[in-house]
Structures are given as structure tokens and as C-alpha cells.
Amino acid sequence: MRNLRRLRTSLRSGLRGITGAPLVFALSVATMAAGMFLLSGYLLVVQNVRVVLASYGSDLSLVAFLGPASGSTQALAAQLRAMPGVADLQYVSPAEALERLRGDLGADGGILDGLGENPLPGSFEITLTPEARTPEGVRALAAELRRSDALSDVRYGEAWVESYARILRALEWVGAMLGVSLLLVLGVIVAGTVRLAVHTRADEIAIQRLVGAGGFLVRLPFLLEAAVQGALAAGLALALLGLLFRFGLPLVGEAMRLVLGVATPVFFGPFEIGSLLLFGTSLGLGSALLSLLRLEESA
Amino acid sequence: MIQMYHVDLRYDGGTSGLSDISMTVERGEFVFLTGASGAGKTSLLRLLFGAVRPSAGQVLVSGRNMARLSGSDVAVLRREVGVIFQDFKLLAERSVFENVAVTLEIAGASRREIRARVWSILKRLGLAHRLDHRPRALSGGEQQRVAIARALVKDPPLVLADEPTGNLDPELALDIMDIIADAHARGTTVVVATHDPTLLGRYGRRQLVLHRGKLVGDHRLDQRLRGGVASESL
């Protein structure tokens, strides 16, 4: 019971720290909110770029050409359909392939009339499951298909897929670097504000220690303050970003359509918003913990 | 209550604060710690409430070896020790009530207990009418009484006072010392650091004399009341 009362006293001290210097607290929240705004904005861009890239990824498909000894087309189709990563497939007969080629050649299609026998093989056009619509997924499925004796060749637009993979990798690296940099900056901001709060309340801490407050009870108010600061900053940043998304995006709609193509920009869902609020709170707590590590135990 | 055996205290950089101090203070005793400025009085008191640790030797307070106490052990010990400073160390933005209540809050007392005990001690020290005032609205003597109330409100078995009258005029100084003496009369062990000869003469208690970090005298008997030579030079 006494421990609970001590805890309550400590929490009350944290709230007093917030209400006792509202301007300092508001400035700290605003500074952190600016950092959180940058981070959230960056994450929003990443999320939308991923949507765009995923829509490009849905174009990924394979064409598997039948060999001379392919046997029953239906049996082969069933065998391919059972492979992991295959969502659907469509058989294109040699005659259909020739017709398509003729269509592609347009006015020059007549040159195909001289062919005595149709040289084109039958093929399967394979569409991928959503999970397999990645450069790695396409490569793995192509390698698996190439092991089949019934197929003579597998094509999936290697050059395009490799470029796509390179773009994804570059985005991931740049994203990670930016994310870590923003995190560090945010951590330094929060740690600085906690140190400032500790400095401002040095007398209070000294007296609390003098009358028997342990390290945990002395630190707890600052942790609470930093957690509230982090949550408020994240909330403020998300609110600002939401307003900008709602009212600012239509003003640059044409440019966005050019950049994003057919994809419509989307804002964070409840899960992402909850995660960012939790992240802001944790960042406040973590930075406060780090900056309080050096607070002397006995002085 | 307090035992010190061959205690040395050296600060960072090697400066010696105390050297080879050995002494005991019995439970219920009233002891003056005296000596010129820089003699080591404050350093010795800081050892007793765990603000510093001895560089050598042993310091026992209520049977606890101060050198071996963890941070949380020191916190627990401080709940049993009242400390009074020359500069009061009050929280300027808190009321008199809140300044005194902080001791009980940290000890985990209930609100009812806090209200009752704070009211009682402030009434005893003549500050009941100042309950809601901020320290800056009080005189120096009143501020020191608030600091004493904070130290005494939980009836600690040991009170340490570092020049408690140093910032006060002589009349107020006696008033403050009477309050501390009253706490001693109720059974509290008291150690007061002072270099004020008026106080030493008036209260005639045991005096531990420090000079340049060494204990050079232990005047054990009440000379004023009992007469005769009763001091022991070390």
C-alpha cells in the first residue's frame, strides 16, 4: 500500500512538472512534434511508394514454353497449377500464338503467310500469387519451372525485373538511412528536453533524495513527462499530417497522379496511427531513460 | 546510533576531507560538531546521511554500514534521518504544507496521516497560520522552522543539522535551537554542526571538535551544568 502511495506521489510530481512549466512543456512537445511530423511524413511517402511499386509488381508474370515432349497439356497445367507461387495459368496454343504475332505485326502480318508449318510452340501464361509478386518470387518460380523436362524455356522479362529489384533495394536503403537519422535526431531532442527538465527541477530532486526517495521514484516523474510528451507530439504530428493530406493533397493532385500513376494516395490506417502513437510514447520513454541513466543514485 | 572507526574521506583529486575519525554517538544523545569553517563538519554529516561514502574505515548508522549500502538502501536510511541545512533547502514553488508533506509522501503515508502530522508539527512550531504560504513570503526564521518541520514530521530517530542557525540573527538562532533541543527531549538523537560559541555555551552538550579534518577534541560532559573539567582531548 505504501509503495502504491509512493507511486502516486511520483506520478503526481510528473503531472506537476507538466502543469508547473506549461510553456517549456509545450515547446518541448512542439519541437518533438516537428521531428515526428518529418518521420510520419516520410513513412507516409514510403507507404504510398510501396503501393505504387506493388501495383507494378502485379504486372509480373511468366511465360513457360512447351517442349517437343510435353505430353498431355491438361496434366502439365495441373502440375504447374500446384506449384507454389502460381495463382493461375492460361494455355496459349501454337495457333493462338501465331494469331497474336500476326496481330502484333499488323500490316506486316502477311510475311507469316509464307510459313509452311507453324514454328511457334504452345505456352502457359502464368500469373503469380500476391506473395510471389516480387523479383525474388519470380526468379524462384522461373528456376523451378526450368527444371521441368516438359518445358523448353521460361521468360519473365528479366531486365525489367532486375531494374525493379534495384529500385526496391535502393528505396529500402535510402529509407532505412533516413529513418535511422530521423530517429536519432528525435532521440536527441527528447533526451535534451528531459535533461533540461532535470536541470530545472534539480532542487526538487535533491530534496526528494534527501527525504528518502529512491532512484525509481525520482526518475518516474520524468519518465511520465517524457512519455506524455512523446504521445502528444506523435498525436500533433499525425493531426498536422492528416490535415495536410486532406486539404493540401488536392492542390497538387495532378502532380501526384503523374508521380503515382493510377494509384490513389492513402493515409495511415488505424493500425499505423496506433503504432505511431505508441512509437512516440516509447521514444519519449526510451530517450528519457537514457538521459536519466547518469542521474546519481545517492547524491 | 552512530559509530565511526578510522574513517577517512578523500575527494576527487585526492584532497582530504576527513582523516582517521573514530567516535560513537549513543542513541538519544545530543552532540555538537564544532570547529572552524573547513574543519570537516559538513563532510562528516554528509557521511552520516549517505551523500558521500568513506574512502577508508567504517561508518555505521543505526547498525547499517554506510559503505555497503546500495542506492535504494540509502533511500530507506534517509527515511529514518531528518536533515536540516543552513540554507533551508525549501521548494520555492510549493506551499509550507507541501514542503513539509514531501517527507511523508515519499515515505508512503496516507493522505489522512499526512494532513494530521503536518498540521501537528506546524502547530507545534508556530507555523499553523502559514500553511498555504510560499517560502518566499516567510522570514528566515520561519523558513528554517519549515525545514525543521520537514525533518521532524516523521519523528525520525536521528536528526542531523548543518549550521541550522547560520543564516539567522541570534534571537532567532536560539529559538531554532530550542526547537531542536525539544526534539531531543522527545528521544531523538541529534547531531548539530555549528561554530557558534553562543550556542555551544548555552546548551552545554557534548562537543566533538574538528580541526582540518581530524577529530581533536571530545568534550563529553555537560560542563555548564555539572561544572569541573570534563573534556577529553584526542
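**Architecture of chains A and B in the predicted model**

From the N terminus on, the elements of chain A follow the order α-α-β-α-β-α-β-α-β-α-α-α-α-α. The model is predicted. Chain A holds 10 helices and 4 strands. Its 299 residues include 27% that count as buried. Contacts in chain A reach across the sequence: among those between residues at least 6 apart, 85% join residues at least 24 apart.

One helix pair of chain A was examined in detail. Helix 6 (residues 158-200) of chain A packs on helix 10 (residues 270-292) of chain A at an angle of about 60 degrees. The two axes lie 8 Å apart. This angle makes helix 6 of chain A oblique to helix 10 of chain A, because angles from 65 to 115 degrees would count as roughly perpendicular and those under 35 as roughly parallel. The crossing of helix 6 of chain A with helix 10 of chain A is right-handed. Helix 6 of chain A contributes Leu186(A), Gly187(A), Val190(A), Ala191(A), Val194(A) and Arg195(A) to the contact. Helix 10 of chain A contributes Leu283(A), Gly284(A), Ser287(A), Ala288(A), Leu290(A), Ser291(A) and Leu292(A). By class, the residues of this contact divide into 8 nonpolar, 4 polar and 1 charged.

Chain A also touches chain B. The contact takes 20 residues from chain A and 21 residues from chain B. On the side of chain B, helix 2 (71-78) and helix 3 (96-107) are the elements that give two or more residues. Helix 2 of chain B supplies the largest share, 6 residues. The side of chain B that touches chain A has 10 nonpolar, 6 polar and 5 charged residues.

Within chain B, 4 strands form an open sheet with antiparallel pairing. Their order is 2-1-4-5. Strand 2 (16-25) and strand 5 (64-65) of chain B are the edge strands, and each pairs on one side only. Strand 5 of chain B is joined to strand 4 (residues 56-61) of chain B over 2 bridges, in the antiparallel sense. Here Arg64(B) of strand 5 stands opposite Val61(B). The loop between strand 4 and strand 5 of chain B contains Ser62(B). Phi of Ser62(B) is near 50 degrees, a positive value in a residue other than glycine. Ser62(B) counts as partly exposed because it has 13 C-beta neighbours inside 10 Å.

A positive phi is also found at Phe88(B), near 70 degrees, again in a residue other than glycine. Phe88(B) lies in the loop between strand 6 (81-84) and helix 3 of chain B. With 20 other C-beta atoms within 10 Å, Phe88(B) is buried.

Strand 8 (residues 189-193) of chain B has parallel partners. Strand 3 (residues 30-34) of chain B runs parallel to strand 8 of chain B and is joined to it by 4 bridges. Val31(B) has Val191(B) of strand 8 as its bridge partner. Strand 7 (residues 158-162) of chain B also runs parallel to strand 8 of chain B, with 5 bridges. In this pairing, Val159(B) is bridged to Val190(B) of strand 8. In strand 8 of chain B, 5 of the 5 residues are buried, so the strand is largely enclosed by the rest of the structure. Both of its faces are covered. Thr189(B), Val191(B) and Ala193(B) are buried on one side of strand 8 of chain B, and Val190(B) and Val192(B) are buried on the other.

Methods
Residues numbered from 1 in each chain as written. Chains lettered and ligands numbered in written order. Predicted model: local features only at pLDDT ≥ 70, side-chain atom pairs only at ≥ 80, totals over all residues. Pairing = 2+ DSSP bridges. Contact = placed C-beta atoms within 7 Å. Nonpolar A, V, L, I, M, F, W, Y, C, P; charged D, E, K, R; others polar. Axes fitted to C-alpha atoms, helices over the stretch in contact; angles between N-to-C directions. Parallel < 35°, antiparallel > 145°, perpendicular 65-115°, else oblique. Left-handed = near helix turned anticlockwise from the far one by under 90°. Buried ≥ 20, exposed ≤ 12 C-beta atoms within 10 Å, placed from the backbone.
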